[in-house]
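Here is my note on the model you sent.

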Amino acid sequence: MLRIYCGENYDEMSRKAANIIAAQVITKPDCVLGLATGSSPIGTYKQLIDWYEKGDLDFSQVSTVNLDEYQGLSHEDSQSYYYFMNENLFKHVNIDQAHTNLPNGLAKNVEEECERYNKVIQSCGGVDLQLLGIGHNGHIGFNEPAEVFEKETHLVELAESTIKANARLFENENDVPRHAFTMGIKTIMQAKKVVIVVSGEDKAKIIKEAFFGPVTPKVPASILQMHNDVCIVGDKAALSLI
Ligand code: F6R
């Protein structure tokens, strides 16, 4: 089932998404959260931190698996997703760092790293709630438009449009890594619940295409139409075409 929650603006969207995640953590304190980076979930994480500080949320038994990580960036690199997660969530709440997981961007052997990450996800017992953002080209995680849906963790070459979109966070476009490790589509689809946060007019077209157009690997997020429990949490602008 697809549910759509609309907030007036980014902050309201973030609060609604945080409410869904908080409900998950409260009803299953040892849940597994699948987490995303990027601009879309920052407000959601801020709200969760706020509720944690007020004593309303406890992350001590929560485990996390992140969607993706750039290849070649170390944990200390301020552009790495490891760094992002620490800055925007982990270091502010009582999560056990040993229960947080991301692909290792510095892994020498790509195949082994993909295998390791698949096993990490399996050994957590699967994802209870997967938080996602969506790229302008319909990517989820770094599953870029392709001829087939990639199933499990793999290394991807980032699309030119993704490099351009993410360049805003780097000093210059050439610094954006060209490859990233990402969870596959099958793994994302196996999450019990999917919550996708989306904000801004520039995402309106892809939201319409992904959720109301044909299901195709050319628009990776379109596969979510086949998932049983998906919430789109958006602001008015992002939901303006649906
Ligand atoms: C990030 C990720 C990406 C982003 C997407 C949207 O971990 O997997 O799929 O969710 O690129 O990014 P923002 O939110 O910055 O527009």
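1. First, the classes used below. Ala, Val, Leu, Ile, Met, Phe, Trp, Tyr, Cys and Pro count as nonpolar. Asp, Glu, Lys and Arg count as charged, and the others, Gly among them, as polar. On that basis, the shell around the ligand holds eight polar, three nonpolar and three charged residues. Keep in mind that this is a predicted model.

2. Who surrounds the ligand? There are 14 residues around the ligand. The closest are Ser40, Asp68, His139, Gly141 and Lys203.

3. Now the polar side chains. An N or O atom in the side chain of Ser40 is 2.5 Å from an oxygen atom of the ligand. For Asp68, a side-chain N or O atom is 2.6 Å from a ligand oxygen. Thr37 also contributes: a polar atom of its side chain lies 2.8 Å from an oxygen atom of the ligand. On its own, the ligand has 410 Å² of accessible area, and the protein covers 93% of that.

4. Last, the chain as a whole. The chain has ten strands and seven helices. Its radius of gyration is 17 Å, close to the 18 Å that the globule rule gives for 242 residues, so the chain is as compact as a globular protein of that length. Along the principal axes, the C-alpha atoms fill a box of roughly 40 × 40 × 35 Å.

How values were computed: Residues are numbered from 1 along each chain as its sequence is written. This is a predicted model: local features need pLDDT of at least 70, side-chain atom pairs count only at pLDDT 80 or more; totals for chains, interfaces and linings use all residues. Side-chain values use heavy atoms; hydrogens and water are left out. A residue is near a molecule or strand if one of its heavy atoms lies within 4 Å of it. A polar contact is a pair of N or O atoms within 3.5 Å; within protein, one must be able to donate a hydrogen and the other to accept it, and residues adjacent in sequence count only if both atoms are side-chain atoms. Accessible areas come from the Shrake-Rupley method with a 1.4 Å probe; for residues, only the protein chains shown count as cover. Helices (H or I, at least four residues) and strands (E, at least two) are DSSP runs, numbered from the N terminus. The radius of gyration is taken over C-alpha atoms; the globule rule is 2.2 Å times the number of residues to the power 0.38.
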